[in-house]
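Me: I am new to this structure and would like to learn how to read it, one feature at a time. Could you take me through it slowly?

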Amino acid sequence: MKKIENLFEITLKEKSGGWFFWFFLLFIPHLNLFSIFFISNLLLASKIKNKKDKSFYYLPFTKKDVFFILYLLLVLLISSTSFFNLLLISRYSLKYILGPLIFSTAIYSIGIIASSLNGDNFAITILFIIFDAILSNLGSPHLGINFNPYILISPIRQESLIGSLLFSLALLFIAFKLYVGGESYVKN
């Protein structure tokens with residue numbers, strides 16, 4: 001538990017003004033997805049891209065610790081604000097809680113995958129969103145001649161919460177394997 005607290009504190013103190021801004025935007029309808037996009041990219045993917053994640057390993061954190069603790073921070077931020085927004089709009093639906101979590105998991109994962117492969121996490125996640133929007137607007141989610149199965153797993157459209165959740169978790173697993181690799185620490 002102490003490791004989790006320490007990593008939360010280090011991460012949030014690093015750029016406290018920026019975190020406050022993005023956290024505040026989570027409470028504003030239609031801007032919360034914009035905020036989720038940036039928070040998901042800034043937690044770990046941008047640190048990997050800028051080689052700043054290595055500073056965590058001088059502390060008693062392994063790559064696994066960093067990956068899962070920062071993901072836990074993301075889940076806590078998104079779920080707490082989603083729950084608060086749910087109370088404000090009085091629409092009690094599982095989609096209002098799970099939807100932002102699915103989207104943030106996908107963006108967190110795509111950003112880490114891109115950064116782990118030496119790509120630009122922001123550019124790749126933007127391309128992913130564009131690709132997802134185009135692909136999920138083709139065809140129909142209903143069986144028939146225009147059936148498009150991607151609509152059922154799209155992290156943005158989320159026609160099927162279970163399908164979208166499983167797809168986002170698969171992306172998270174790939175990101176974990178790419179980031180951690182075979183080692184859970186960095187050798188000096």
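Me: Among contacts in the protein chain between residues at least 6 apart in sequence, what percentage join residues at least 24 apart?

Reply: A contact means heavy atoms within 4.5 Å. In the protein chain, 63% of the contacts between residues at least 6 apart in sequence join residues at least 24 apart. Please keep in mind that this is a predicted model, in which local features need pLDDT of at least 70 and side-chain atom pairs count only at pLDDT 80 or more, while totals for chains, interfaces and linings use all residues. Residues are numbered from 1 along each chain as its sequence is written, and side-chain values use heavy atoms, with hydrogens and water left out.

Me: How many helices and strands are there in the protein chain, and what percentage of its residues count as buried?

Reply: Helices (H or I, at least four residues) and strands (E, at least two) are DSSP runs, numbered from the N terminus. The protein chain has 9 helices and 0 strands. Buried means under 20% relative accessible area, exposed over 50%, and partly exposed in between, with a 1.4 Å probe and protein chains only. Of the 188 residues in the protein chain, 42% count as buried.

Me: What describes two packed helices, and at what angle do α6 and α9 pack?

Reply: Two packed helices are described by the angle between their axes and the distance between the axes. The axes are lines fitted to C-alpha atoms, for helices over the stretch in contact, and angles run from 0 to 180 degrees between N-to-C directions. Helix α6 (residues 94–116) packs with helix α9 (residues 161–180) at an angle of about 30 degrees, their axes being 8 Å apart. Angles under 35 degrees count as roughly parallel, over 145 as roughly antiparallel, 65 to 115 as roughly perpendicular and the rest as oblique. Helices α6 and α9 are therefore roughly parallel to each other.

Me: Which residues in α6 and α9 meet?

Reply: Among them are Leu98, Ile102 and Ile113 in α6, which meet residues in α9 including Leu165, Leu172 and Ile174. By class, the contact of α6 with α9 has 16 nonpolar, 5 polar and 1 charged residues. Here Ala, Val, Leu, Ile, Met, Phe, Trp, Tyr, Cys and Pro count as nonpolar, Asp, Glu, Lys and Arg as charged, and the others, Gly among them, as polar.

Me: At what angle do the axes of α3 and α6 cross, and at what angle do those of α3 and α7 cross?

Reply: The axes of helix α3 (residues 32–43) and α6 cross at roughly 40 degrees and come within 8 Å. That makes α3 oblique to α6. The contact of α3 with α6 has, by class, 8 nonpolar, 4 polar and no charged residues. For α3 and α7, the axes come within 10 Å and cross at roughly 140 degrees. That makes α3 oblique to α7 as well. Phe37, Phe38, Asn41 and Leu42 in α3 meet Asn121, Phe122, Thr125, Ile126 and Ile129 in α7.

Me: Is asparagine 121 buried or exposed, and which residues does it contact beyond its neighbours within four places in sequence?

Reply: Asparagine 121, which has its place in helix α7 (residues 121–136), is buried, with a relative accessible area of 0%. Leaving aside neighbours within four places in sequence, asparagine 121 is in contact with Asn41, Ala45, Ser46, Lys49, Gly111, Ala114 and Ser115. Lysine 49, in turn, lies in helix α4 (residues 45–49), and at 37% relative accessibility it counts as partly exposed.
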